[in-house]
Each structure stands twice: as C-alpha cells, then as structure tokens.
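Thanks for coming, everyone. I'll keep this short. Please look at the structure on the screen.

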Amino acid sequence: YLISPSKINEETFFTELSEVLKTKMVNFFQLRLKKTSRIKKLKIGQKIKKICRNNKVKFIVNDDPLLTKKLNADGCHLGQKDMSVINARKLIKKKIIGLTCHNSKKHILKAIKLNVDYIAIGAFFSSKTKKVKYKAKLSTLNYAKSITNIPIVAIGGINSNNYKKLLLNKANFLAISGYIWKNKKLKPIEAVKKFK
C-alpha cells in the first residue's frame, strides 16, 4: 500500500511511480497531499489515475471523498477527523473506504460496524513522514485479526528491516511512503525491491 510523498516533483515523480508500479509489488496507491490546493490535486490525480489503471493498481485519495468522486478514483482513505464513513459512503457509493484506527480497539470495533473496506492501524515504528501520536503494538494487530476478516493495513515507519514482523502477524498490507520516496541511499525502484 504505497502512499505518495508529501510534495510531488512533477518532473520526476510520474516516471518513478510508473517504474515502481511495474514491479507488481503495489496493490494500492494513495494520493496524500495535505498542503496542496484541490485544483492541483485534481491535475496530479488525473495523471496518477492513468498510471494506476495501466498497472492494475487501486487508486485511493486521502481525506477527500469529494475529490475521490471527481477523479473517479477507486476509493478514499479517511482519518478519524475527516468526513464520516456514512456520509462518504453516500457520496462515493460502492467504492473502497479505508479508515485510520490508530491503536484503538474502540475505533477498530466502530470501523467493523461501519463496514469499511480496510482498517489502518499504526504507527508501528517511528516515522519521518508524520509525527507519531499513536504507537500501535503487535497485540493491536493480533486483536483486529482475531475479530474481523476486514483487511488490515499496517502503517508507520515501515522499512526493509522491520516489515517482516508485521507480515508474520498477518497484516494484509504495509503502508509505506518515506522509505520509498525519501530514501537517501536508494532510488524508489530500488527501495521497493527490498520488500521481496
């Protein structure tokens, strides 16, 4: 589950994204631009959608069901403070809705009741992409797996040294951003190949 960098350099990004998606190692790609205008996100999103479709990768928009609808993306990822799942469902109908549940059993139970398409849990490790407010333990992941079949996306500071722990505890997807896009030693294509 690959997440976009927080700033997109349009000269290099689309080519790099194509290369990374061609590896067939990515199932979902999330456009996550917190500080970019909706008009710009729309333009960038249209290009990304094409690249995702060409590589049979599901295209998810972060935080914004309206933009999801405009782009006709495959789905939307919601945080606890974004639009409610019920209202997002009215807007984007049967498209994918994922929900951040941090490290909270209460949020996980609520997400199951709301019938979301996947649940994101984390942060499992400290991350440079986002300040870690909520630290999740493997026991939270095990708890979620024991009560639901909804796919679980593990998030937060995941890299080639620590990801196997999450897979051994049956995380369905690994949400990764910084290790791919901000890696000082490896190009995105090289970084993604470390997860084989």
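**Salt bridges and some backbone details**

Let's start with a salt bridge: lysine 40 pairs with glutamate 10, and their closest N and O atoms are 3.8 Å apart. Lysine 40 sits in helix H2, residues 38-54, while glutamate 10 is in the loop between strand S1 (2-3) and helix H1 (13-22), so this pair ties together parts 30 residues apart in sequence. Keep in mind that this is a predicted model.

How exposed are the two partners? Lysine 40 is partly exposed, at a relative accessible area of 39%. Glutamate 10 is partly exposed too, at 34%. The pair also belongs to a network: salt bridges link Glu10, Lys40 and Lys47.

How many salt bridges does the structure hold? Six. I'll take two others.

Next, aspartate 74 and arginine 53. Their side chains meet in a salt bridge at 3.4 Å, N to O. Again the pair links distant parts of the chain, 21 residues apart: arginine 53 is in helix H2, and aspartate 74 is in the loop between helix H3 (65-71) and strand S4 (75-78). Is aspartate 74 buried or exposed? It has a relative accessible area of 18%, and the cut-off for buried is under 20%, so aspartate 74 is buried. Arginine 53 is partly exposed, at 39%.

Then arginine 89 and aspartate 117. Here the closest N and O atoms of the salt bridge are 3.1 Å apart. Arginine 89 lies in helix H4, residues 85-92, and aspartate 117 in the loop between H5 and strand S6 (118-122); 28 residues separate these distant parts of the chain. Both ends are partly exposed: arginine 89 has 25% relative accessibility, and aspartate 117 has 32%.

Now the surface. Which residues form a positive patch? Lys7, Lys35, Lys128, Lys182 and Lys184. Take lysine 184. Its place is the loop between helix H8 (178-181) and helix H9 (188-192). Its relative accessibility is 86%, and exposed means over 50%, so lysine 184 counts as exposed.

For contrast, a buried residue: serine 104. You'll find serine 104 in the loop between strand S5 (96-100) and helix H5 (105-113). With 16% relative accessibility, serine 104 counts as buried. A polar atom of its side chain lies 3.3 Å from the backbone nitrogen of lysine 106.

On to the backbone. Most residues other than glycine have a negative phi, and most peptide bonds are trans. Where does this model depart from that?

First stop, asparagine 72. Its phi is positive, near 50 degrees, and the residue is not a glycine. Asparagine 72 sits in the loop between H3 and S4. At 38% relative accessibility, asparagine 72 is partly exposed.

Next, asparagine 115. Here phi is about 60 degrees, positive again in a residue that is not a glycine. The residue is in the loop between H5 and S6, which also holds aspartate 117. Asparagine 115 has 55% relative accessibility and counts as exposed.

Last, a peptide bond. Is the bond from glycine 122 to alanine 123 cis or trans? Cis, with omega near 10 degrees. Alanine 123 is in the loop between S6 and helix H6 (138-147).

That's my tour. Over to you for discussion.

How values were computed. Residues numbered from 1 in each chain as written. Predicted model: local features only at pLDDT ≥ 70, side-chain atom pairs only at ≥ 80, totals over all residues. Heavy atoms only, no water. Helix = DSSP H or I, 4+ residues; strand = E, 2+ residues; numbered from the N terminus. Buried < 20%, exposed > 50% of the residue type's maximum accessible area, 1.4 Å probe, protein only. Polar contact = N/O pair within 3.5 Å; in protein donor to acceptor, adjacent residues only side chain to side chain. Patch = residues over 30% accessible without salt bridge, like charges linked within 9 Å, V, L, I, M, F, W, Y side chains within 5 Å. Areas by Shrake-Rupley, 256 points an atom, 1.4 Å probe, with all protein chains shown as cover. Salt bridge = Lys/Arg side-chain N within 4 Å of Asp/Glu carboxyl O. Lys, Arg positive; Asp, Glu negative; His and termini not counted. Charge placed at Lys NZ, Arg CZ, Asp CG, Glu CD.
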